[in-house]
Amino acid sequence: MRTLRPPVSIKEKELLAKIGDKLNNLPSGLAPGQQSDHYEPLVDPFNRVVKDLRISITDRCNFRCTYCMPQEGMQWIDRHEILTFEEITRIARICVERWGFDGIRLTGGEPTVRAQLPRLIAKLKEIVSPVTNKEIEISMTTNGATFRLLAHDLRDAGLNRVNISCDSLHRDRFYEMTRRDQFERVMEGIDAAIEAGFAPIKLNVVVMRNVNDDEMVDFATFGREKGIQPRFIEFMPLDAEEGWSLDKVYSADEIVAAISSVYPIEAITKGSEPATVYRYLDGKGSFGVIPSVTKPFCDSCDRVRLTAEGKFRTCLFAIEEFDLRPLLREGGSDQEIADVIEQAVGKKWAGHSIGNVNFIRPKRSMSQIGG
Ligand code: SAM
Ligand code: SF4
């Protein structure tokens with residue numbers, strides 16, 4: 001295993017030099033389409049294996065959710081600066097073939113506004129995991145508004161899983177939160193995902209105090225009836241309008257208390273997933289809570305992110321970014337790209353410090369990073 005922590009002692013330096021020699025003797029880049037016969041897990045300075053790549057494929061969106069984007073005045077990235085499908089696939093291929101990444105999630109902005117999305121899915125599905133010798137799992141997070149038009153094509157192209165975001169089951173409130181009157185379209189999108197055979201389907205719900213915190217049980221009931229899993233997400237300080245404050249966070253504990261007062265539940269053991277999952281004791285499904293603010297899951301974080309214009313980030317809240325686009329567009333080799341990714345992962349921090357005085361908000365808001 002490869003540890004990228006900077007050396008702190010002579011002994012450690014010597015040990016790392018030995019490991020470095022060994023690694024330098026490994027074959028460099030793979031030819032396009034060539035499958036790796038070996039891989040090495042990519043390990044960060046805190047011994048966490050990095051294996052989940054989240055790719056934002058656009059910064060644009062057909063919604064303007066209050067907790068994410070401003071009503072107006074968003075500065076869009078120029079189209080020619082956005083990574084092409086070929087460039088996105090190349091980064092994904094490097095991560096999977098060299099380090100055995102096991103999952104790719106497409107996000108944004110709103111990924112479904114990108115034209116020819118099934119073509120991207122099909123290209124990503126050509127990547128074979130050296131761990132399983134099978135194609136990799138591709139998932140996507142979407143607001144669902146146009147999903148009814150795309151569900152079957154995306155499924156046919158190989159998309160494995162989908163998370164659909166919906167923060168209220170009341171049309172008026174949905175409109176207030178998203179600034180778009182698209183509640184019915186999202187409901188149709190959820191039904192289309194079910195009909196197309198996606199499973200499990202997760203429903204992302206951002207919970208804000210005094211906004212939608214009275215709907216926890218309704219969402220639980222909705223999930224039980226539809227056979228989908230709500231995932232309640234604590235509101236994070238990534239809203240473009242910078243209106244976040246700790247008192248607007250409705251905590252995971254409060255969410256669990258509200259639901260368990262109606263439906264008996266038990267916690268299912270937590271893996272590397274950020275969500276703690278609870279199952280209903282009557283067997284009618286489960287829900288998850290993502291306590292990013294009150295109980296951060298940084299200790300088990302296995303994620304890295306690629307923004308729509310090719311900046312590599314090791315945390316949602318990272319301040320430092322590593323630009324891969326110049327290498328992609330100016331003839332950089334796979335090895336050079338891998339080196340920058342390793343350098344970035346070597347600086348991955350232990351965790352964010354939301355709520356503490358030393359917390360620094362990243363300059364980008366959620367839709368510009370890729371949630
Ligand atoms: N547009 C797609 C969507 O909304 O599903 C994908 C991108 S969106 C940035 C990804 C996820 O981040 C969504 O589930 C959204 O609700 C969530 N999100 C956005 N801003 C957030 C915030 N400030 N705190 C917590 N979650 C947030
Ligand atoms: Fe768009 Fe998703 Fe952000 Fe809402 S949360 S504004 S749907 S990117």
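## Residue classes around ligand 1

In the classification used here, Ala, Val, Leu, Ile, Met, Phe, Trp, Tyr, Cys and Pro count as nonpolar, Asp, Glu, Lys and Arg count as charged, and the others, Gly among them, count as polar. On that basis, the shell around ligand 1 in this predicted model comprises seven nonpolar, nine polar and two charged residues.

The shell consists of 18 residues, of which the closest are Tyr 67, Glu 110, Ser 165, Asn 204 and Met 236.

Ligand 1 is approached through nitrogen atoms by both backbone and side-chain groups of the protein. For Gly 109, a backbone N or O atom lies 3.0 Å from a nitrogen atom of the ligand. For Glu 110, the atom concerned is a polar side-chain atom, also 3.0 Å from a nitrogen atom of ligand 1. At Met 236, a polar backbone atom is 2.9 Å from a ligand nitrogen atom.

On its own, ligand 1 has 550 Å² of accessible area, and the protein covers 95% of this. Two or more residues of the shell come from each of the strands β6 (137-142), β8 (201-207) and β9 (229-234).

## Cysteines

Zero disulfides are found in a search of the whole structure. Cys 301 is accordingly in no disulfide, and the nearest cysteine sulfur, that of Cys 315, is 6.6 Å away. Cys 301 counts as buried because its relative accessibility is 17%, under the 20% limit.

Cys 315 is likewise in no disulfide; its nearest cysteine sulfur belongs to Cys 298, at 6.3 Å. With a relative accessible area of 13%, Cys 315 is also buried.

Notes. Residues numbered from 1 in each chain as written. Chains lettered and ligands numbered in written order. Predicted model: local features only at pLDDT ≥ 70, side-chain atom pairs only at ≥ 80, totals over all residues. Heavy atoms only, no water. Near = heavy atom within 4 Å. Polar contact = N/O pair within 3.5 Å; in protein donor to acceptor, adjacent residues only side chain to side chain. Areas by Shrake-Rupley, 256 points an atom, 1.4 Å probe, with all protein chains shown as cover. Helix = DSSP H or I, 4+ residues; strand = E, 2+ residues; numbered from the N terminus. Disulfide = S-S within 2.5 Å. Buried < 20%, exposed > 50% of the residue type's maximum accessible area, 1.4 Å probe, protein only.
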